[in-house]
4 protein chains.
Amino acid sequence: MTTSGGPGSTMEELALFYEEVRRNHGAALWNTEMANTTPDVVPYIWKWADFKPLMYQAARIVPMEHTERRVLVFSNPGLEGKGRPAATTTLLANLQIINPGEIAKTHRHAASALRLVVEGQGAYTAVNGERSFMDPGDFITTPNGTWHGHGNEGDVPMIWIDGLDVPLVSTLQAAYQERYTQDQQEITRPDDMSLRLYGNASLRPTWETHRGMHSPIINYKFEQTYEALTRLAQDTDGSPHDGVCLEYTNPVTGGSAMATMACFAQLLRPGKPTTAHRHTGGTIYHVTKGKGHSIIDGKRFNWDEKDTFVVPSWAYHEHEADVESVLFVYNDTPVIEKLGLYREEALEENNGHQEIAGVFEPVPVEA
Amino acid sequence: MTTSGGPGSTMEELALFYEEVRRNHGAALWNTEMANTTPDVVPYIWKWADFKPLMYQAARIVPMEHTERRVLVFSNPGLEGKGRPAATTTLLANLQIINPGEIAKTHRHAASALRLVVEGQGAYTAVNGERSFMDPGDFITTPNGTWHGHGNEGDVPMIWIDGLDVPLVSTLQAAYQERYTQDQQEITRPDDMSLRLYGNASLRPTWETHRGMHSPIINYKFEQTYEALTRLAQDTDGSPHDGVCLEYTNPVTGGSAMATMACFAQLLRPGKPTTAHRHTGGTIYHVTKGKGHSIIDGKRFNWDEKDTFVVPSWAYHEHEADVESVLFVYNDTPVIEKLGLYREEALEENNGHQEIAGVFEPVPVEA
Amino acid sequence: MTTSGGPGSTMEELALFYEEVRRNHGAALWNTEMANTTPDVVPYIWKWADFKPLMYQAARIVPMEHTERRVLVFSNPGLEGKGRPAATTTLLANLQIINPGEIAKTHRHAASALRLVVEGQGAYTAVNGERSFMDPGDFITTPNGTWHGHGNEGDVPMIWIDGLDVPLVSTLQAAYQERYTQDQQEITRPDDMSLRLYGNASLRPTWETHRGMHSPIINYKFEQTYEALTRLAQDTDGSPHDGVCLEYTNPVTGGSAMATMACFAQLLRPGKPTTAHRHTGGTIYHVTKGKGHSIIDGKRFNWDEKDTFVVPSWAYHEHEADVESVLFVYNDTPVIEKLGLYREEALEENNGHQEIAGVFEPVPVEA
Amino acid sequence: MTTSGGPGSTMEELALFYEEVRRNHGAALWNTEMANTTPDVVPYIWKWADFKPLMYQAARIVPMEHTERRVLVFSNPGLEGKGRPAATTTLLANLQIINPGEIAKTHRHAASALRLVVEGQGAYTAVNGERSFMDPGDFITTPNGTWHGHGNEGDVPMIWIDGLDVPLVSTLQAAYQERYTQDQQEITRPDDMSLRLYGNASLRPTWETHRGMHSPIINYKFEQTYEALTRLAQDTDGSPHDGVCLEYTNPVTGGSAMATMACFAQLLRPGKPTTAHRHTGGTIYHVTKGKGHSIIDGKRFNWDEKDTFVVPSWAYHEHEADVESVLFVYNDTPVIEKLGLYREEALEENNGHQEIAGVFEPVPVEA
């Protein structure tokens, strides 16, 4: 902003002043953009067609013993060069692969994590001594501070999306990570016990005492979710902006599945495009099933099954499916809401549809 | 971590793999430090003796019309080169100066702000149409979304500490900023009306309806705070770690003064050193009154009146006053707690006192 | 208590004093039992064998036009002569019958009500414009302030238990009752829409906004409840005091189904007697299915299918089933807990089993 | 209601039916007024002029050893003959007197109690080992479950109003009462420590952990309350219905002073009559200071200093002071609100003023 000083000051004085401020670990606000509202995060889509071969290649060439988890991180181009790779400023969206016979050792950390199974079968997640075997479309929670690990007892690799709040926890400087005393924690409860206890609609087991800000359910099975979505779609179009969109909730409180992340299953049907809105809170979408496109801040993003895309905070977005589609969606709105920072706005013009300025084409990073 | 691949892979294959991941805006987790617990924020102290001349110089050479606010930002050395200057990863600690006759125009933003008056008199803060004139030691709130401005009707400049959650709001990509339609908002309530309504201990005005996650009180006067601190000190030593430490609360909920920042007044007395503890949540201390030192992560920081220092998240800290001292303290613990990330640990060894590895000496930034 | 006065006073003076107090609408506390802890409510069982013929007789001889609802009230013997008949000091347990072709007109009131279907089919409850057809064992909510009515479109009468908080609302002097402008409210939503929206386990429809302190679900179907109970019984014995006991919850909050009443389905299995405990909060049990007995304050109450019994506040109770049994249970614990009055105590002696002092035999009211 | 039966039934059959229902401890709802909205509680005023001599007489003729507490209960005429005497269906309003040198032994109970000092000095209340000496107008809390007793170390008797939720706790059958092991509990904290800790406006002592649904403050001193009322009255008329009315709050939560009772200090000024409204929740008023009248359900009640009157739930009421007056007010609205039963209505007609049907004259109970 200002470079010339007040009356009586010279350019030289000002330069010396700035130098002196800097030497003392200060900065002049008026030379800094403090309240910059331009989001760094850009809308982006990671194509399954690009990442599938890389994942299977990683499964082949990167041995488990060389890595805590065999994971590729989706790196938002808007954040590249500004710290560690991440999908948004608060959230990670990663792909993880585990080969038959492998285990991912038990650990715990301050970050909360979720999994959405992309393909494969026969692998499990274990949380605090309880296993759940996973199928495509299943949504699995491994919340803040819980011991968790994975194992693949099947015949094929399994791949899933890892959603984590690592950038947020890191910004809050609240991170820690611990290895369990053994590679795998002892299994102390029947498989899927938490689901049997808490997975009965609006029926709470009175003898159980679940604590914490997260759901007691480890695995929300896709079969039940999909059945609920399609049954509801017979009666309702749901939300104008989100279609038939169900939030995975913590049955003990009715709140979000984890303290920092809200998670959703969203059914879109051909011939029923949604209208655009925008809100605070960056959001990640994974195409569990189907094919279609989204318009994000005026640009069209075509999506196929197993693609993953990101809608930045305060970016207008609307969706249209070519065939019946299910999106898995997660964002940091629980944080935004608890801090009084939630804002939302529907697009009024043009019947709620954005003007389309172009179709997204990935720009590969230069060699 | 790994550079060599699994059986059958070659270094060349691995290199090509990494290149292909990078081209698709991906990153290999095992080449990335994701759960890094090393705090970037370092303990630091900004000496009033260094900044006082700079503030008065700024008041002289930087005209108001060249800046939204005449503010110097305390820049944590650990964060320099990693984005905008800030005291911690979530909070700003700044110095602001306003000359007699000047106004700082009315605006509002998603960030919450607080002021702690350092010196001067005759200046006011106006929030949503109500003014409060400020005296040294006063704690003033200008919460998220409230219209606010300042003016100096006295004969001398006024300087205050500005505390803001700008880095947090920016990370959450929830920022916005708006100018009021005029330079100054109309005054529609008697001065200090909020304090008269809500400043009576445990007596709530039944005809008022205060909404929002923040205190309705604009100005917590130092005179009352200091009187409460010294009166309590006759009966109690308070907390072993914090001395006689009072939290400024929202009288409507009993909670923190603002949704994202907890604020405290802490009385330390000579001969009563505190013992060390550490907790998640980076904390800023301003020496309202007195003289003493703090040991932060084993290093001694000597402080004088009007100095400002920072204790990073999870750093052990303990305090000792040479004369009766009052510290104004603020941190992001409301955020940490709402997200289930609060942890605390008292130092057990050596009767709760750290071994001192040295005395802090500022290292000026090189020219 | 005292009848003789202090030094210098005479019996005559005291008598005149009491008379003068009484004349001025006062009372001497020391002549009054103010903190009487003896519960007035007594344990009691109303046998279906006694009430079934009365209900069908009522259906025959009492025309709907002569009554708002065709209801027999269970009258706790301990409360008879102390105001209106009721099962406990806060709750009603009634039987209602509706003939084929009849309607019970739409009204609303401050009291909350629940239904548990005893026998019949083809009848519905309508709440705020939505109908749900009812089957034996179904639990139906008609909360505080909701318009509701009933109709029987089947070929046989339907009988259900009516649970209401009328005595509590009456004590709080918060009662009102209104007739709808027509006999029946218009049906504006598909049948069972609330169940389809909110009856999917831990999946919240994001486009719906449910307000109020009660569950949005009108009908919790017995089929699902029974399936959940029996499935869970394969893995667990549940609570030592209550067996496999599930609370019907409000999916939006995880709390009780209504603001004033908590409702439960409790599975008891032969060979698995529960142990005794006692707690504040009077509780009503209805035998949805099965046969067994309960020991209440040392007395044995034998129960058969469709019987209804009451356990007073702070009375020890334990249960044993002869065959697999399901009890529907409701009480005022949400009130007790919100006011900080909940206390609970397990019986320690005799392995948690009471000594049995006798078998309950009903004492008919004298002619 | 109905006495004649349906088609085919005879009066004889109906009579036999009713007899059989009654014999089985049942009742026909259509012969019972279940949803009666007529409040039993009537507006009433207990004149200090009548009760002052009785209190001093009681102090003379009723020895402490003959009574747990020397208390006269205000008996609402509408409730006489319907159980124990009480001011409303949920609350007691009593007068208690304690002579110089006497103690009222330490006990605790499920009921919550409050005191409002009427006259005298030199007496104290002790709660959980902390004493507070009381002055006229002081509001003292002895919440649910706290050990408490009284003693008079002065030279004159002290009289106070006792407000208790005994009828409510009794209806909920949650009552218990225990004597302390000794006559007086040991004093373990400095006098008025709770007030010094929590009585600083919006400043919370961080080292204290107060639990429970009640305020940690034992004594809200009248001096501070009156100062706050009169200061506020310079700026505002407060509520149209209540004047300058401050709620005594729990500083830890901002909520009501006790879980079941909300307590208020209300300043009325001559020339500023309030307008009428009605709400659920029966309310007790004590004239701490002043002289005036209230119109309750169309009847005028003239009040003088130290009188006590009751406004039933849902009765219109408005107030007018002849001289500056302070009313101490308490009611059960926290219960009403937690259960979703609060309703309120302002009188629209006649500029919010009721037509006055007469002046209240006490009707002494007949001999």
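In this predicted model, strand β19(A) is joined by 2 bridges to strand β23 (residues 358-359) of chain A, and these two strands run parallel. Within this pairing, R300(A) stands opposite V359(A) of β23(A).

β19 (residues 299-303) of chain A also pairs with β18 (residues 283-296) of chain A, here in the antiparallel sense and over 5 bridges. G292(A) has W303(A) of β19(A) as its bridge partner. The two strands β18(A) and β19(A) form a hairpin with 2 residues between them. In the turn, D297(A) has a positive phi of about 45 degrees.

| Strand pair | Sense | Bridges |
|---|---|---|
| β18(A) and β19(A) | antiparallel | 5 bridges |
| β19(A) and β23(A) | parallel | 2 bridges |

Chain B is superposed on chain A by a rotation of 180 degrees with 0.0 Å of shift along its axis, at an RMSD of 0.1 Å. The two copies are therefore related as by a two-fold rotation axis. Of the interface residues of chain B, 99% are also interface residues in chain A, so the copies meet through the same surface.

A helix pair links the chains: the axes of α1 (residues 11-23) of chain A and α2 (residues 48-61) of chain B come within 11 Å and cross at roughly 150 degrees. An angle over 145 degrees counts as roughly antiparallel, so α1(A) is roughly antiparallel to α2(B). Their crossing is left-handed. α1(A) contributes E13(A), L14(A), F17(A), E20(A) and V21(A) to the contact, and α2(B) contributes L54(B), Q57(B), A58(B), R60(B) and I61(B). These residues divide into 6 nonpolar, 1 polar and 3 charged.

Definitions and conventions: Residues numbered from 1 in each chain as written. Chains lettered and ligands numbered in written order. Predicted model: local features only at pLDDT ≥ 70, side-chain atom pairs only at ≥ 80, totals over all residues. Heavy atoms only, no water. Axes fitted to C-alpha atoms, helices over the stretch in contact; angles between N-to-C directions. Helix = DSSP H or I, 4+ residues; strand = E, 2+ residues; numbered from the N terminus. Parallel < 35°, antiparallel > 145°, perpendicular 65-115°, else oblique. Left-handed = near helix turned anticlockwise from the far one by under 90°. Contact = heavy atoms within 4.5 Å. Nonpolar A, V, L, I, M, F, W, Y, C, P; charged D, E, K, R; others polar. Least-squares fit on C-alpha atoms with pLDDT ≥ 70 in both. Pairing = 2+ DSSP bridges.
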